[in-house]
Protein chains: 2
Amino acid sequence: MNRKNKLGTHTVRFPSLPGIASWAAVAGKKESAGPLGKYFDETYPDTTLSQKTWEQAESAMQSRALGIALEKAKLDQKSLDRIYAGDLLNQCISSSFAHKATGVPYLGLYGACSTMAQGLGLGAMTVDGGYGENIAVITSSHFCSAERQYRMPLEYGGQRPPSAQWTCTASGCAILTPNSDGPYICSATCGHIVDAGVTDANNMGAAMAPAAFDTLTALFTDTSTSPDSFDLILTGDLGALGSKILRDLCAQNGIKLGENYFDCGELIFSPSQDTHCGGSGCGCSAAVLCGKILDEVRAGRYKRMIFAGTGALHSPTEIQQGSSIPGICHAVVICGERECAL
Amino acid sequence: MNRKNKLGTHTVRFPSLPGIASWAAVAGKKESAGPLGKYFDETYPDTTLSQKTWEQAESAMQSRALGIALEKAKLDQKSLDRIYAGDLLNQCISSSFAHKATGVPYLGLYGACSTMAQGLGLGAMTVDGGYGENIAVITSSHFCSAERQYRMPLEYGGQRPPSAQWTCTASGCAILTPNSDGPYICSATCGHIVDAGVTDANNMGAAMAPAAFDTLTALFTDTSTSPDSFDLILTGDLGALGSKILRDLCAQNGIKLGENYFDCGELIFSPSQDTHCGGSGCGCSAAVLCGKILDEVRAGRYKRMIFAGTGALHSPTEIQQGSSIPGICHAVVICGERECAL
């Protein structure tokens with residue numbers, strides 16, 4: 001058998017159209033007070049979710065997101081063939097601790113905030129190739145566990161510069177399956193790493209925007225499309241500054257990102273919430289997608305969309321050693337009906 | 001199209017038999033002085049490889065392993081469709097920094113020391129499903145960068161207990177492709193996480209052995225095989241203590257791991273090198289496989305083997321918080337000729 005499912009340089013297509021059978025999003029207090037608050041399946045006023053540590057709280061969010069998504073799909077844990085999961089913590093512990101008691105084959109991913117898109121691409125490949133029937137893709141982030149690890153102890157109360165983004169306390173989960181009424185994942189564009197030389201750990205948007213530009217242009221070229229071919233182009237999470245840089249980069253190269261372009265980091269908080277450039281973290285784009293957007297795809301509001309997860313491969317160790325922050329972006333094309341597939 | 005490539009609960013098969021076109025291994029000074037020294041493509045007397053930091057040295061090893069493997073396959077970097085890579089460092093920086101200038105679509109993995117096996121499974125799926133033609137799988141570890149991050153500053157000179165393993169300074173790379181004279185990857189068994197309750201960061205073997213047992217038994221069940229069905233069963237890296245525990249667990253359950261069973265951590269150092277329980281680290285099993293073993297498969301010494309990567313999902317943060325060290329194991333079956341495929 002010689003299947004040829006590669007398109008161009010970066011994209012693979014999924015001819016069988018793996019479906020997203022169900023999805024769920026959970027989020028913390030600040031996120032629940034934002035514009036998308038009502039779309040989350042569960043929200044938690046307590047940052048610890050009654051756990052002893054923030055890391056365990058983050059694991060608990062992943063467990064809940066998975067549990068709710070399974071419930072919606074009327075599946076039990078045993079019917080899962082694989083879990084693809086990842087997060088921002090060193091050694092991806094919120095993922096491994098969340099799923100260590102499930103008995104489900106587990107593959108850990110690290111793509112920083114691009115992990116949800118990376119997982120959806122791998123999950124769709126698994127389903128399309130016949131390697132599994134029920135695949136869970138889950139990511140999370142937690143403001144407290146992430147800030148402590150990447151920047152400063154919270155107690156320090158450091159000032160955040162205007163370019164900073166706010167790591168979301170949130171988790172999102174999607175269950176992929178071969179037989180579904182949609183939405184469907186029709187392609188995945190796997191990005192390469194782009195290092196724009198940014199060394200400011202409080203300016204992730206600038207570090208990631210060039211990678212988003214490269215991946216989106218690869219997607220358009222590989223699939224012979226343009227921004228107009230999509231109802232929605234959603235990056236996550238460039239934030240206000242990064243998405244402006246992306247628009248500029250596109251404009252400079254003759255690509256018009258119009259009114260259909262949004263960024264998860266900008267959608268999840270309102271300007272009055274004082275997060276500066278908006279949300280970030282593996283959980284942000286996952287919760288926006290699995291909270292609001294997939295509901296709208298199923299309801300017919302979006303027929304064909306791009307979900308482009310953007311990650312800053314930021315490491316405190318490398319920053320201390322004077323290195324820059326490379327960025328990466330992975331994208332999947334999601335369509336509401338089979339006829340809309342690329 | 002309805003392909004059914006799932007076998008049992010944990011295993012997927014690759015009917016097209018993705019080939020391993022080429023492979024390469026590089027290693028540090030201590031590893032080059034061990035029993036496998038002559039099998040490494042390059043060895044480095046200087047732990048920094050003339051880089052400014054150990055982290056950058058580790059990245060340089062990944063670059064060299066990839067470069068040599070590409071050379072052997074007579075491929076250039078541009079012909080690669082994807083890189084699957086991972087390592088032990090926080091945010092997997094030795095991988096992302098190694099490949100950030102390649103322009104090759106990149107997917108970061110985190111499976112601790114099981115990452116090479118995880119990558120081979122995903123890479124084989126990518127090739128078998130027709131999603132790419134030349135896929136590089138690379139992992140690395142470095143004694144100095146890992147010890148500093150996971151245990152103690154090197155300058156502290158702490159005593160290592162007898163159960164400790166020595167993180168190898170090494171990297172291994174394999175290039176997968178649909179058209180090859182072999183060796184071939186015929187199946188992958190994706191493990192679930194097993195938490196045996198071990199809290200001693202100097203006893204990784206005990207933390208990982210139960211996961212290795214679960215994955216090997218799943219492999220035998222899913223593929224209707226037994227240890228006798230293989231010329232070689234290779235775990236990496238349980239070390240001397242962990243592999244003894246695995247033998248015991250198997251014996252207690254009526255499975256006889258015989259003289260065909262070896263562990264990469266035990267193979268890479270000789271007892272006189274004072275590493276206690278042997279080698280560990282993402283680079284250990286990768287370098288043993290891509291240094292010596294795959295050469296021997298091609299030469300006909302092994303017709304059908306299991307490569308079972310074992311990882312301790314160990315996090316200093318969780319250890320400080322009193323949590324245990326969960327283990328995971330992913331396995332691939334490699335055969336020398338098409339007729340030997342499962």
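This is a predicted model: local features need pLDDT of at least 70, side-chain atom pairs count only at pLDDT 80 or more; totals for chains, interfaces and linings use all residues.

Visitor: Which of them lie nearest its centre?

Guide: Asn90(A), Gln149(A), Asn90(B), Gln149(B) and Thr317(B).

Visitor: And which elements give two or more residues to the lining?

Guide: From chain A, α5 (143-150) and α10 (316-320). From chain B, α5 (143-150) and α10 (316-320).

Visitor: What volume does the largest pocket have?

Guide: About 440 Å³.

Visitor: How can chain A be laid on chain B?

Guide: By a turn of 180 degrees, with a shift of 0.0 Å along the axis. The RMSD is 0.0 Å. The two copies are therefore related as by a two-fold rotation axis.

Visitor: What share of chain A's interface residues are also interface residues in chain B?

Guide: 100%, so the copies meet through the same surface.

Visitor: Switching to cysteines. How many disulfides are there over all chains?

Guide: The count is zero. Take Cys282(A): the nearest cysteine sulfur belongs to Cys113(A), 5.2 Å away. A disulfide needs the two sulfur atoms within 2.5 Å, so Cys282(A) is in none.

Visitor: Is Cys282(A) buried or exposed?

Guide: Buried, because its relative accessibility is 0% and the cut-off for buried is under 20%.

Visitor: What about Cys92(B), where is its nearest cysteine sulfur?

Guide: On Cys92(A), 6.1 Å away. Cys92(B) is in no disulfide either. Cys92(B) is buried, at 3% relative accessible area.

Visitor: New topic: Tyr261(B). Which strand is it in?

Guide: Strand β12 of chain B, residues 261-263. Tyr261(B) is buried too, with a relative accessible area of 4%.

Visitor: Which residues does Tyr261(B) touch, leaving out those up to four places away in sequence?

Guide: Ile233(B), Thr235(B), Leu238(B), Ser243(B), Leu246(B) and Arg247(B).

Visitor: And how far apart in space are Tyr261(B) and Asp231(B)?

Guide: 8.7 Å, C-alpha to C-alpha. In sequence they are 30 residues apart.

Methods
Residues are numbered from 1 along each chain as its sequence is written. Chains are lettered from A and ligands numbered from 1 in the order in which they are written. Side-chain values use heavy atoms; hydrogens and water are left out. Helices (H or I, at least four residues) and strands (E, at least two) are DSSP runs, numbered from the N terminus. Buried means under 20% relative accessible area, exposed over 50%, partly exposed in between (1.4 Å probe, protein chains only). Contact means heavy atoms within 4.5 Å. Copies are superposed by least squares on the C-alpha atoms of residues with pLDDT of at least 70 in both. On a 1 Å grid over the protein atoms alone, a cavity is a set of points where a 1.4 Å probe fits but cannot get out, and a pocket is an open set with protein on both sides within 12 Å along at least five of seven lines; lining residues have an atom within 4 Å of a point. Grid points are joined across faces, edges and corners, and a volume is the space filled by probe spheres set on the points.
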